[in-house]
Amino acid sequence: MLNFRDALKGRVLLFDGAMGTEIYNRGVFINRCYDEVNISAPELVEEIHSSYVAAGADIITTNTFGANQIRLLPFGLEDRHDEINESAVKVAKAAAKNQAWVAGSIGPLGVQIAPIGKVSPGEAFTAFKRQSAVMDAEGVDLFVLETFSNISELWQAVRAVRSISDKPIIAHLTFRPVSGPNVTALLDNVRHAVETMRTWKVDAIGTNCSHGPRGILDIVETMRAHTILPISAMPNAGLPQIIEGRTMYLAGPEYMAEYARRIAQAGAQLVGGCCGSTPQTIKEMRNFLESIAP
């Protein structure tokens, strides 16, 4: 395959969609550790990856969003940290079959960082470094840092990955949805975040989760106005709705795909889906993005 950094210069690249909601849709209850499914049911994870490759994704993300030593601790799985991350990469690479790049997914620790919480920045750095080192050794093509709401924690993740690898890094922040006059304050927060993130040694910055396509489009437009770095965007399939006790995402594939095109036209070089997006969503995004391909 073409070098990822070279490919990023040439066209809009398509990420895959959700992993967690797809695992849930296949009958795995939410009280389970979804990262552990890499070793208890690797065929299920590979099936999800393969469906995204078949849908046209250029990049698939490993099932390792919560596979850091701090987040595994409440499940009693901290001793299986390396095994979980190793298996995740192997499963993803088997599904990719050299048709898609494999991105090592790293999510936040799930706890507050000092001075608000008890986990120090140094401990956060160590956790992120350990996780990224395992995935790097297994041969991921790049790293995607996802759904970070605390820019200081995201910085520790960036530092940790860069300390062990020179592979591409895509760094995402997530921003809480707001409405009315609060939108101005939100976009001010986006601008301040970009001014910080654009100084980091990363290959792209962006946003994922929390918002549906409309909100992500607004964030991308603000980001593009304040940086020349490539921008990545992964909206949820709309805002979550509780229906008969189940969390549902109701934005359909064509709606998501139309906004994927608009997000790309607004300046995003990387587009994908987050919670609630499906292989069908990615297939439609592929079709819509090809209509604006150079």
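Helix α2 contributes the most to the lining of the largest pocket, giving 5 residues. The model is predicted.

**Largest pocket**

- The volume of the largest pocket is about 1200 Å³.
- Its lining consists of 39 residues, and the closest to the pocket centre are M19, G20, T21, Y34 and C275.
- Two or more lining residues come from each of α2 (20-25), β4 (142-148) and β9 (246-248).
- By residue class, the lining holds 17 polar, 15 nonpolar and 7 charged residues.

**Helix α11: length and end**

- Helix α11 spans residues 253-265, which is 13 residues.
- From first to last C-alpha, α11 reaches 18 Å, close to the 18 Å expected at 1.5 Å a residue.

- The residues M256, A257, Y259, A260, I263 and A264 of α11 are buried.
- Packing partners of the buried α11 residues are the helices α10 (213-224) and α12 (279-290), together with the strands β7 (231-234) and β10 (270-271).

Terms used. Residues are numbered from 1 along each chain as its sequence is written. This is a predicted model: local features need pLDDT of at least 70, side-chain atom pairs count only at pLDDT 80 or more; totals for chains, interfaces and linings use all residues. Side-chain values use heavy atoms; hydrogens and water are left out. Helices (H or I, at least four residues) and strands (E, at least two) are DSSP runs, numbered from the N terminus. The expected span of a helix is 1.5 Å times one less than its number of residues. Buried means under 20% relative accessible area, exposed over 50%, partly exposed in between (1.4 Å probe, protein chains only). Contact means heavy atoms within 4.5 Å. On a 1 Å grid over the protein atoms alone, a cavity is a set of points where a 1.4 Å probe fits but cannot get out, and a pocket is an open set with protein on both sides within 12 Å along at least five of seven lines; lining residues have an atom within 4 Å of a point. Grid points are joined across faces, edges and corners, and a volume is the space filled by probe spheres set on the points. Ala, Val, Leu, Ile, Met, Phe, Trp, Tyr, Cys and Pro count as nonpolar, Asp, Glu, Lys and Arg as charged, and the others, Gly among them, as polar.
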